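Q: Please take a close look at one part of this structure and describe its surroundings in a connected account.

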Amino acid sequence: NNANWQGGIGMLPYGHGFTRKFKRLIRERDGNSCLCCGKSKRANGRTLQVHHIDHDKMNNNPTNLITVCNSCNIYLSYHRDESLIAFPNRKLI
């Protein structure tokens, strides 16, 4: 009954090809920094996340993926409409 419940979609598998190597390419494309706040891996304290803009884990089109820090990933997960507005078109690798 929690207002943040999204129907258990967090447990769904990622699409084919969402590998460590592919995520590394996305991070490199984005300059190894969070596209929301600019944090680097070092400032984040751990590897940056690769976020699905449309929140569809099966959509691994590079235009649907952005590099974000942990804080921004959590924020965008709870503010789904904002990620669609803020990043309408991403460049390809």
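This is a predicted model: local features need pLDDT of at least 70, side-chain atom pairs count only at pLDDT 80 or more; totals for chains, interfaces and linings use all residues.

A: Residues are numbered from 1 along each chain as its sequence is written, and side-chain values use heavy atoms, with hydrogens and water left out.

Buried residues make up 34% of the 93 residues in the chain; buried means under 20% relative accessible area, exposed over 50%, and partly exposed in between, with a 1.4 Å probe and protein chains only. The chain has four helices and two strands, in the order α-α-β-β-α-α from the N terminus. These elements are DSSP runs, numbered from the N terminus: helices are H or I of at least four residues, strands E of at least two. Of the contacts with a separation of 6 or more, 64% join residues 24 or more positions apart, a contact being heavy atoms within 4.5 Å.

T67 lies in strand β2 and counts as buried because its relative accessibility is 0%. Leaving aside residues up to four places away in sequence, T67 touches I26, R27, D30, S33, C34, L35, L48 and Q49. With D30 there is also a polar contact between the two side chains, at 2.9 Å. Such a contact is a pair of N or O atoms within 3.5 Å; within protein, one must be able to donate a hydrogen and the other to accept it, and residues adjacent in sequence count only if both atoms are side-chain atoms.

R29 counts as buried because its relative accessibility is 13%, and its side chain reaches the backbone oxygen of L65 at 2.5 Å.

Two of the residues that T67 touches, C34 and L48, belong to the largest nonpolar core, whose eight residues also include I53, I66, V68, C69, C72 and L76. A nonpolar core is a set of buried Ala, Val, Leu, Ile, Met, Phe, Trp, Tyr and Cys residues joined through side-chain atoms within 4.5 Å. Strand β2 (65–68) and helix α3 (70–78) each supply at least two residues of this core. A second, separate core of five residues includes F18, F22, I26 and V50, and I26 is also among the residues touched by T67.
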